[in-house]
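My entries follow the structure.

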Amino acid sequence: MQRYGDGKTYASRAPATYAALDLGTNNCRLLVARPIRDRECLGDENFRIVDAFSRIVRLGEGLSQTGRLSEEAIRRTIDALLICRDKMMARSVTRARLIATEACRAAENGLEFVERVREQTGLKLEVISRETEAHLAAAGCASLADAAAKAVVLFDIGGGSSEIVWLGGGVGQSSERIRHWTSLQLGVVTLAERFGGAEVSFAQFDAMTDLVVSELQHFIDSASREERCHRFHLLGTSGTVTTLAGVHLNLPRYDRRRVDGLWMSHIEIDAVMNRLRRMSFAERSQNSCIGPDRADLVLAGCAILQGIRRSFPSERIRIADRGLREGMLLELMRADHSFTV
């Protein structure tokens, strides 16, 4: 059995095919892609997606109360990982990186889970640090930042943690532009379990927002001397911001092509967040861009976003439907010199 994630490159007569898997506290996501060499025809795109998979597995469900990954969550997750393995084999993936984030970092049985995954699926998960997670998020979506801005605050709201990065201006590789970063041990799952998710009062929402601002204080202080300009903006990557964009656009079904790269003003963000806060749980569940799997998490995500906005006021936010997986793919392809960037 090919043990994807073991660092090996598997021989193949077909063009090199890469895979990036991101196992988070809430989601299991896979992208399979091939590099693009004809850059003149395809602009700033570096690879073409040939397969993808995403499933809400809630690996970290109950983790904040018990400190452990539950057996039910583990089984759900392994079922999803088996699908990912089969997709990688079907696409003859030659190189892959498979990461696990906050749930596996925080759980007492996180390493036991990783070993169980290896035994049952042949996939070798890499439990990455918070710093690595922040850098990968930046690598995946920094290209969407306004090149004329002297500074951008990039954020990735996850299920168990949220990464915040201060990017300096320019168009170089993201690793050269990172000035400050932090990782909050607050995500949509952890906040929803702590404050409630199905029914969230205005007081609960404000309490979540205040907690985020408090946790961001050290980052705010460290970035206080950084230069901004009138083009300063926020750049968000996560299910929270893409959901907000979909609801804002009144999409009958989610459409990545219309969401990725969308600019939203602070007035538009306020309007869609207020709209969501006034919805009942049933109304959120029935919304085509939220659905029953996210209906109890979206307001916690909104509270995290509100805390970031309060800490770093901006006239606009750019929405990215790209992030960790795209960052991994770019790094794998650069390491193999699959294209010139």
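I looked up Asp22 and found that its bridge partner in β4 is Ile99. The strands concerned, β1 (residues 18–23) and β4 (residues 95–100), pair in the parallel sense over six bridges; I take two strands as paired if DSSP finds at least two bridges between them, and strands (E, at least two residues) and helices (H or I, at least four) as DSSP runs numbered from the N terminus.

The model is a predicted one, in which local features need pLDDT of at least 70, side-chain atom pairs count only at pLDDT 80 or more, and totals for chains, interfaces and linings use all residues. Residues are numbered from 1 along each chain as its sequence is written, and side-chain values use heavy atoms, with hydrogens and water left out.

I then traced the sheet, which is open, mixed in its pairing and built of five strands in the order β3-β2-β1-β4-β5. Its edge strands, each pairing on one side only, are β3 (47–56) and β5 (126–127).

Next I turned to β7 (residues 162–168), and noted that seven of its seven residues are buried, so the strand is largely enclosed by the rest of the structure; buried means under 20% relative accessible area, exposed over 50% and partly exposed in between, with a 1.4 Å probe and protein chains only. Ser162, Ile164, Trp166 and Gly168 point one way from β7, while Glu163, Val165 and Leu167 point the other way.

For its partners, I noted that β6 (residues 151–157) pairs with β7 in the antiparallel sense over seven bridges, and that Ala151 stands opposite Gly168.
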